[in-house]
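Look over the model as a whole before turning to its parts.

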Amino acid sequence: MSTSTLPTHFDFAGRTVSRMGYGAMQLAGPHVFGPPKDRTACLAVLRTAIAAGVDHIDTSDFYGPHVTNQIIREALQPYPANLTLVTKIGARRDDKGEWLAAASPEQLRSAVHDNLRNLGLDTLDVVNLRVFGHGLTEDGIGHLVEVMAQLQQDGLLRHIGLSNVTAAQISEAQQIADIVCVQNMYNLVHRGDDALIDVLAAQGIAYVPFFPLGGFTPIQSGALSDIAARLQATPMQVALAWLLHRSPNILLIPGTASVAHLRENLQASTLSITPDIMAELDAIGGG
């Protein structure tokens, strides 16, 4: 697939969105905890993203906590009519910034209300249920999705997504509610979701990878850097471009607190990736 024929948009949560979105995690302080060093710069990043055509922002009220959503509200409200805000629940932060599970019915409902309050909304566009853990689990999630479905029926959220889940957990969830997106770790070298991405694409469900450069070995990083140098691009741009070419249902949410870095990331959608280069990139991950 050449760049000229690459789909630039995807039908998602009742709208057609640009496949290049923005992730708000880095708007918080170090380790995604506390306020940012430069709040003004964060406001500028969000406004620049919208001006550049970004219409899909990923966030959570446990970033900060509360910080990123409050910055998004300050920067963008009143929100553009075409903006889709995607948040996630299922975890919380303690006073020291540790990540803890928060998946009881009361905690899920409270998290939705926190997101509504800090974003200044009456209804959330999309809420991802984040299955807590530093890796995938085999736990059943039906009881959690039932809570999400009730929140949807109550009018607090429009669409349900899942994060950090297996194919079996997705199938379980789909017996209870429509799922519009899946957000998992996936990149050029971590290809465990290859088959899942294709299944979701056939169902018209968005797949949103996180950690586009996470877990590379030095050899893999070196190979990616060599290709990037030939393309006169950065390794991140090439990694993002590969994801866009991988499947038309992939939506990207690269994060940054820098306007310059934001512009650099957005340019990945214009990077020309020939079939020969795609083959080289696939080989880095053993594909």
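The radius of gyration is taken over C-alpha atoms, and the globule rule is 2.2 Å times the number of residues to the power 0.38. With 287 residues, a compact globule would have a radius near 19 Å, and the protein has 18 Å, which agrees. Its C-alpha atoms fill a box of roughly 50 × 45 × 35 Å along the principal axes.

This is a predicted model: local features need pLDDT of at least 70, side-chain atom pairs count only at pLDDT 80 or more, and totals for chains, interfaces and linings use all residues. Residues are numbered from 1 along each chain as its sequence is written, and side-chain values use heavy atoms, with hydrogens and water left out.

The protein holds 10 helices and 11 strands. These are DSSP runs numbered from the N terminus: helices are H or I, at least four residues, and strands are E, at least two.

Take contacts next (heavy atoms within 4.5 Å). Among those with a separation of 6 or more, 74% join residues 24 or more positions apart. Of the 287 residues, 53% count as buried, meaning under 20% relative accessible area with a 1.4 Å probe, protein chains only.

Now the surface. The accessible area, from the Shrake-Rupley method with a 1.4 Å probe, is about 12400 Å², and 54% of this belongs to carbon and sulfur atoms.

Finally, the hairpin. Strands β1 (residues 9-12) and β2 (residues 15-18) pair in the antiparallel sense over four bridges; pairing requires at least two bridges found by DSSP. D11 has T16 of β2 as its bridge partner. Two residues lie between the strands, and A13 takes a positive phi near 55 degrees.

Conventions:
Buried means under 20% relative accessible area, exposed over 50%, partly exposed in between (1.4 Å probe, protein chains only).
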